[in-house]
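Please work through each task with the structure in view before reading its solution.

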Amino acid sequence: MKILRLKNLYLISMTERKAKKIPFHEKVTVIKGENDTGKSSIIKSIYWCLGAEPAVISDRWKELSPTGVLEFSVDGEEYSVIRTGNLFGIFNAYGSLLLKTASVAEGITPFISRLLDFGLHLTNREGDPEIPPPAYCFLPFYIDQDQGWVAQWNSFQNLGQYSSWKKSIIPYHSGIKPNEFFIINAQLTQERQRKLEKESERRTINSAALRIKDRQKAISIDIDAESYKKAIADLLKELSALQGQRSILMAQLSDHHNQKAMLEEQMGIVRAALSEFDKDYKFIQGHDHDAISCPTCGAEYENSFFHRFSLIEDREACRQFLSKNSSNLEAISTKISKSNAKINHGNFRITKINSILDQKKKKLRLRDVIDAEAEKKAHQLMVAEIEGIERDLQKCNLRIARLQDDIKKYDDPDRKSNIQGFYHEKIIKFSRSLNLNLDFPPFIDYKIKETGNDRPRAMLAYFYAYLHTVREFTTSCFCPVVIDSPKQQDPDPNNTNATFNLIFSQMPDDTQLILGTVSLPDVTFEGHSITLSDKYSLLQEGEFEEVSSHINPRIDLLYS
């Protein structure tokens with residue numbers, strides 16, 4: 001089991017020139033403050049940095065266009081991730097850039113899955129198995145203040161991109177079905193899809209072969225040339241269309257390459273300018289005089305706050321340009337790849353048609369190309385191809401049978417019963433501690449139905465029972481437990497005290513807890529508290545320089 005630990009979170013707004021550093025204790029970090037002081041913005045930013053979008057992000061926070069840097073460790077090995085807009089960079093403990101990407105699906109998702117041993121596979125809308133985004137990895141560990149108390153498994157956006165995903169996610173994290181089950185199941189899904197494609201190909205070829213055989217019975221060996229002229233005309237028509245399409249695609253490809261070259265040239269110019277601005281800024285920072293001499297020409301220039309601030313603005317404008325156009329460059333590269341694929345596919349078909357015509361396009365003399373045995377030979381080729389498909393299907397069936405045998409080892413009814421029994425004991429125990437007299441069924445995929453003041457406490461009982469089950473049985477990872485605003489409009493102080501006592505006293509072993517709350521009863525815990533007091537001003541001017549100097553080396557690497 002991989003263990004994720006959070007170290008520090010840095011948030012900075014270049015437009016506001018404000019920043020905030022949030023250190024996380026290895027045991028407990030309580031983030032305390034009234035509404036609108038930024039508790040939830042801190043908590044949501046943890047997941048935002050990791051490519052998981054919380055259910056709700058305020059428009060006010062989005063307007064700041066923050067850059068976030070999250071420092072964390074996995075099994076003691078340290079990493080950091082930086083996110084600015086849709087551009088991500090992941091670094092190791094020595095500051096080396098391990099990954100730069102503007103794509104969660106193709107960049108962040110595979111990296112996080114390998115790092116945390118997250119082997120869940122879900123079937124996408126096209127029927128293909130794939131590892132889902134990081135939100136599905138962090139789901140069991142986070143209760144969002146906006147949607148997490150409304151329903152279970154509801155703290156992130158866009159979870160409905162996979163159908164029936166809860167049927168996989170709940171048994172996966174609980175350990176009922178381990179990593180190996182889903183890896184084999186993904187292979188099984190691919191093999192079944194391959195089998196369906198082969199069967200469809202066999203039906204198509206078999207249907208064509210039967211039509212040829214029927215025509216062979218109806219015609220004599222003296223072939224009517226006119227019957228083939230139409231076939232050749234159709235081939236020429238298709239060839240002409242393919243060549244026209246290829247010309248369009250080549251023009252588009254040329255345009256994409258021109259855009260890419262121009263964008264790369266512009267980004268190179270901006271990187272060079274950014275480097276010069278950084279040098280200028282570092283140079284004037286070392287001089288406190290009102291005037292400063294140019295080291296190259298000796299001319300004197302004013303060293304005022306206005307001029308220094310102008311340098312900073314120019315530098316940040318360069319960075320924003322690079323951030324925006326890194327995504328554009330990646331999108332253009334994707335278009336180039338897709339255009340090349342379409343051109344290659346068209347070229348293959350053009351080559352095949354040309355070989356059929358056998359360079360007789362001008363005269364179209366069918367008796368020079370196709371002899372009286374053409375259909376017989378075509379039928380023989382089709383029969384041979386069907387026989388090859390039959391052999392492939394036999395191999396496919398053998399692989400499916402083997403995978404079905406393998407997957408049974410990881411779909412153990414006794415293990416499932418044991419895990420659900422463990423979960424049921426925990427949820428009954430925790431519900432009693434929360435002053436709930438409820439009879440929860442012994443099913444781990446139970447949907448909370450309680451209403452009113454009982455609902456948040458029932459949700460918490462389920463959340464903690466599931467967490468203990470994950471800690472005991474999962475084959476994947478265990479992440480920090482993050483709870484935002486557990487006091488949900490319950491006026492009874494006994495219920496409030498019971499809620500916080502459960503949160504602190506019943507944490508699973510070796511768990512890191514981050515808790516956001518307006519108030520905190522008199523409870524003891526090992527960790528520290530962060531108190532926020534300024535409404536609508538989580539980021540502070542006084543922290544800008546310190547945070548900026550700490551994260552700038554990684555930003556420079558990201559834009560280089």
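**Exercise 1.** Determine over which ring the charged end of arginine 471 sits.

Solution. The charged end of arginine 471 is found over the ring of phenylalanine 478, 5.2 Å from the ring's centre. The criterion is that NZ of Lys or CZ of Arg is within 6 Å of the ring centre and within 35 degrees of the ring normal. Arginine 60 is likewise placed over a ring face, that of tyrosine 536, at 4.2 Å from the ring centre.

The model is predicted: local features need pLDDT of at least 70, side-chain atom pairs count only at pLDDT 80 or more, and totals for chains, interfaces and linings use all residues. Residues are numbered from 1 along each chain as its sequence is written, and side-chain values use heavy atoms, with hydrogens and water left out.

**Exercise 2.** State how many aromatic pairs there are, and characterise the pair of tryptophan 153 and tyrosine 466.

Solution. Rings of Phe, Tyr and Trp (its six-membered ring) pair if their centres lie within 6.5 Å; planes under 30 degrees apart count as stacked, over 60 as edge-to-face and the rest as tilted. By this rule there are 19 aromatic pairs. Tryptophan 153 and tyrosine 466 are edge-to-face, with 5.0 Å centre to centre and 90° between the planes. Tryptophan 153 lies in the loop between strand S10 (142-143) and helix H5 (166-174), and tyrosine 466 in helix H12 (residues 454-473), so the pair ties together parts 313 residues apart in sequence. Helices (H or I, at least four residues) and strands (E, at least two) are DSSP runs, numbered from the N terminus.

Next, consider burial. Buried means under 20% relative accessible area, exposed over 50%, and partly exposed in between (1.4 Å probe, protein chains only). Tryptophan 153, at 10% relative accessibility, counts as buried, as does tyrosine 466 at 2%.

**Exercise 3.** Describe how helix H11 packs against H12.

Solution. Helix H11 (residues 413-433) and H12 pack at an angle of about 140°, with axes 8 Å apart. Angles under 35 degrees count as roughly parallel, over 145 as roughly antiparallel, 65 to 115 as roughly perpendicular and the rest as oblique, so H11 is oblique to H12. Axes are lines fitted to C-alpha atoms, for helices over the stretch in contact, and angles run from 0 to 180 degrees between N-to-C directions.
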